[in-house]
Amino acid sequence: MTWIGTSWKMNKTLAEARAFVDGLVAARSALDGVRAFVIPPHTAIAAVRERLPSDVPLLIGAQNAHWAPAGAYTGEVSMGMIADAGATLVEIGHSERRECFGETDDTVALKVEAAVAAGLTPLLCVGEPAGVRAAGEEIDWVAGQVSRGLSRIAAHDRHRVVVAYEPVWAIGDLGREALPHEIAPVMAMLSARFGPDGEAPFGVAAVLYGGSVNRLNAAALLGVPGTDGLFVGRAAWDVAEFVELVRIGARAGAAGPRDAR
Ligand code: PEP
């Protein structure tokens, strides 16, 4: 099944979060064909959980959590706390966390380990900055980020992890859309080395693509071999747009060979 998800980043009040859920519930049947997820800010996780009818197949995530189970870490929340609020998935190592909040491959690995220990699905975000891409070193860069991110968990736990490839130069308002042929070599490497059908005996659950995805480029990006789904920012914050992306994901899943899994 194709994965389609969005992180709201630092957006949406409780009222806006509930309105998004209501819009999704109104289009509930669209969700059957995909593995959909929404990642609200911490303040709205419980509100989304409470608003969502239990028979609506939507995974709820958190955008970050600390690796320690509890303690004197002002401003942080633990994996157990986000699970308690209703998250089953946690985003780890997004480029904005790495750039603005000092996340390193070491802290990312600690968080992946803590997420798995808490029974959460880590959504491990990786991707090269523009300079690395210009130097033609993106394959090694991204492979290194994934290897280090997974370094603290046992191989047999890798199936609990989802990897999102998000080139930094393609993310956000200042990013530019990646073309399928630009991401294809990286997706092929991720799929072969770490993916669910790859060469390693213990692959991750899925490899997603993210970065300036929208309803116009989604189908083409989903067509890149090795792509199990899309992780979307801005273009999915409006619930109608999210539903449209979900429908595109369902169509791609129904047409593609990975649907057989
Ligand atoms: C992201 O930040 O993970 C992302 C995919 O953002 P956008 O789609 O807005 O580029």
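**Figure 1. The contact between helix α1 and helix α2.** In this view, Leu-14, Ala-17, Arg-18, Val-21 and Asp-22 of α1 meet Thr-43, Ala-44, Ala-47, Val-48 and Arg-51 of α2. Sorted by class, the residues of this contact are six nonpolar, one polar and three charged. The structure shown here and in the other views is a predicted model. The axes of α1 and α2 come within 9 Å and cross at roughly 35°. The crossing of α1 with α2 is right-handed.

**Figure 2. The buried residues of helix α2.** Helix α2 comprises residues 42-51, and Ala-44, Ile-45, Ala-47 and Val-48 are buried in it. These buried residues pack against α1, against strand β3 (58-62) and against helix α3 (79-85).

**Figure 3. The packing of helix α1 with helix α10.** Two packed helices are described by the angle between their axes and the distance between the axes. Helix α1 (residues 14-26) and helix α10 (residues 239-255) pack at an angle of about 40°, and their axes are 9 Å apart. The two helices, α1 and α10, are therefore oblique to each other. Their crossing is right-handed. On the α1 side the residues are Phe-20, Gly-23 and Leu-24, which meet Val-239, Phe-242 and Val-243 in α10. This contact of α1 with α10 contains five nonpolar residues, one polar residue and no charged residues.

Figure 4. Ile-153 is located in the loop that lies between helix α7 (138-149) and strand β6 (162-165). Apart from its neighbours within four places in sequence, Ile-153 is in contact with Val-112, Glu-113, Val-116, Arg-158 and Val-161. Ile-153 and Ala-109 are separated by 44 residues in sequence, while the distance between their C-alpha atoms is 8.3 Å.

**Figure 5. Two residues with positive phi, Lys-12 and Ser-212****.** Lys-12 is not a glycine, yet has a positive phi of about 90°. The residue Lys-12 belongs to the loop between strand β1 (2-7) and helix α1. With a relative accessible area of 22%, Lys-12 is partly exposed. Ser-212, likewise a residue other than glycine, has a positive phi near 55°. Ser-212 is found in the loop between strand β7 (206-210) and helix α9 (218-222). Its relative accessibility is 12%, so Ser-212 counts as buried.

**Figure 6. The cysteines Cys-100 and Cys-125, neither of them in a disulfide****.** How many disulfides does a search of the whole structure find? The search finds zero. Cys-100 is in no disulfide, and the nearest cysteine sulfur, that of Cys-125, is 14 Å away. Cys-125 is likewise in no disulfide, with the sulfur of Cys-100 as its nearest cysteine sulfur, at 14 Å. Cys-100 counts as exposed, because its relative accessibility is 52%. Cys-125 counts as buried, because its relative accessibility is 2%.

Notes:
Residues are numbered from 1 along each chain as its sequence is written. This is a predicted model: local features need pLDDT of at least 70, side-chain atom pairs count only at pLDDT 80 or more; totals for chains, interfaces and linings use all residues. Side-chain values use heavy atoms; hydrogens and water are left out. A disulfide is a pair of cysteine sulfur atoms within 2.5 Å. Buried means under 20% relative accessible area, exposed over 50%, partly exposed in between (1.4 Å probe, protein chains only). Axes are lines fitted to C-alpha atoms, for helices over the stretch in contact, and angles run from 0 to 180 degrees between N-to-C directions. Helices (H or I, at least four residues) and strands (E, at least two) are DSSP runs, numbered from the N terminus. Angles under 35 degrees count as roughly parallel, over 145 as roughly antiparallel, 65 to 115 as roughly perpendicular and the rest as oblique. A crossing is left-handed if the near helix is turned anticlockwise from the far one by less than a right angle, and right-handed if clockwise. Contact means heavy atoms within 4.5 Å. Ala, Val, Leu, Ile, Met, Phe, Trp, Tyr, Cys and Pro count as nonpolar, Asp, Glu, Lys and Arg as charged, and the others, Gly among them, as polar.
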